[in-house]
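Please keep the model open while reading.

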Amino acid sequence: MEVVRRYEGNPILTPEQVPYDCTAVYNPAAVKFDGRYILLFRVQRKDARSVLALAESEDGIRFTPREGFAMVPSQEEPFRTYEEYGIEDPRITRIDDTYFITYAAYSRFGCLVGIAKTQDFERFERVCLASEPDNRNAVLFPKRFGGLYARLDRPSYPGKPPSIWISFSPDLVHWGGSRCLLMPEEYRWDSFKVGPSVPPIETPEGWLCIYHGVFMTMNGAVYRQGVFMLDLEDPRKVLGRYEGWIMAPKEPYEFIGYVPNVVFCCGAVEEEDGTLKLYYGAADQCICLATARLEELVSLCISGGS
Ligand code: BMA
């Protein structure tokens with residue numbers, strides 16, 4: 001039996017089901033807030049630039065999109081300059097009573113990490129632009145380490161394979177102490193690039209990290225999902241990495257879309273019974289749901305073998 005099981009009613013949200021003109025809805029952040037499930041997702045508009053919208057649900061399966069957008073490129077500097085081409089691929093982490101949103105800010109300068117925050121999912125406030133280009137897929141840890149916030153992200157440097165790094169900050173604005181945690185493995189499913197998918201999930205064995213790995217084929221990139229584990233006390237230590245993928249494109253809605261062959265997870269909600277609801281973009285076109293047992297993902301990281 002597969003560790004990650006797709007919801008049979010996928011996709012759960014399509015461009016046809018939202019009340020705005022767009023070509024695709026995908027790559028959703030997910031969180032449970034006030035007893036309801038919230039998805040903050042990327043909406044690709046007809047000029048190919050993206051904004052973020054929000055949908056809510058009682059059961060985590062049937063989502064109702066809100067009218068209007070939750071976040072659009074800011075008109076205030078310095079955000080205005082660096083969000084000119086849009087904002088993409090959000091992730092949400094709750095730290096104390098605040099929900100922080102990390103997103104990719106796109107502009108003529110490339111792509112960098114933006115951070116915003118909300119307490120009620122009604123009003124969203126920018127915190128800062130938190131990297132140089134090119135960097136995206138930042139996820140914040142829900143806890144501090146020695147008083148410091150921590151994040152994983154995926155900087156890229158010409159000629160080097162995009163990899164997963166960790167950095168620390170006293171205030172979410174100034175970042176340092178950076179270390180590389182995970183690099184693409186040569187000639188494997190994740191040999192082209194690796195990047196964080198969802199914010200790290202605390203388990204008794206360590207921080208479970210779900211990541212995306214990319215393989216380049218004659219027909220373009222294939223995006224899959226994998227797992228690795230970090231030490232609870234010192235997240236700079238990698239405790240294990242599963243050699244295989246936990247999820248790869250296989251359903252028609254993952255093959256047919258704006259970008260075929262993509263499963264791209266940005267949000268997970270942990271249920272009380274140890275199930276994880278994984279929300280992901282399929283073929284950069286629509287939003288889907290899958291479930292997994294947290295403990296099974298943990299054992300894959302510890303056993304390592306595929
Ligand atoms: C990445 C990002 C994601 C996208 C993925 C697959 O580089 O642009 O937003 O889902 O490619 O196209």
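For the description of residue classes, Ala, Val, Leu, Ile, Met, Phe, Trp, Tyr, Cys and Pro count as nonpolar, Asp, Glu, Lys and Arg as charged, and the others, Gly among them, as polar. By these classes, the shell around the ligand consists of four nonpolar, one polar and four charged residues. The model is predicted, and local features need pLDDT of at least 70, side-chain atom pairs count only at pLDDT 80 or more, and totals for chains, interfaces and linings use all residues. Residues are numbered from 1 along each chain as its sequence is written, and side-chain values use heavy atoms, with hydrogens and water left out.

The residues surrounding the ligand are Asn27, Arg42, Asp89, Arg136, Tyr223, Val259, Val262, Phe264 and Asp284; a residue is near a molecule or strand if one of its heavy atoms lies within 4 Å of it. The ligand taken alone exposes 310 Å², of which the protein buries 83%; accessible areas come from the Shrake-Rupley method with a 1.4 Å probe, and for residues only the protein chains shown count as cover.

Charged pairs come next. The whole structure contains 25 salt bridges, each defined as a side-chain nitrogen of Lys or Arg within 4 Å of a carboxyl oxygen of Asp or Glu. One of them joins the side chains of Glu254 and Arg6, at 2.8 Å from N to O. Because Glu254 lies in helix H2 (residues 252–255) and Arg6 in strand S1 (residues 5–6), this pair ties together parts that are 248 residues apart in sequence. Helices (H or I, at least four residues) and strands (E, at least two) are DSSP runs, numbered from the N terminus. Both Glu254 and Arg6 are buried, where buried means under 20% relative accessible area, exposed over 50%, and partly exposed in between (1.4 Å probe, protein chains only).

A further salt bridge links the side chains of Arg123 and Asp120, at 2.4 Å from N to O; here Arg123 is exposed, with a relative accessible area of 62%. Arg293 and Glu295 also form a salt bridge, with their closest N and O atoms 3.9 Å apart. Arg293 is partly exposed at 24%, whereas Glu295 is exposed at 52%. Elsewhere, salt bridges that share partners join Arg36, Glu56, Arg66 and Glu122 into one network.

Beyond residues up to four places away in sequence, Leu276 touches several others, including Ile201, Ile210, Val269 and Ala292, contact meaning heavy atoms within 4.5 Å. Leu276 and Ala292 are 16 residues apart in sequence, and their C-alpha atoms are 5.2 Å apart in space.
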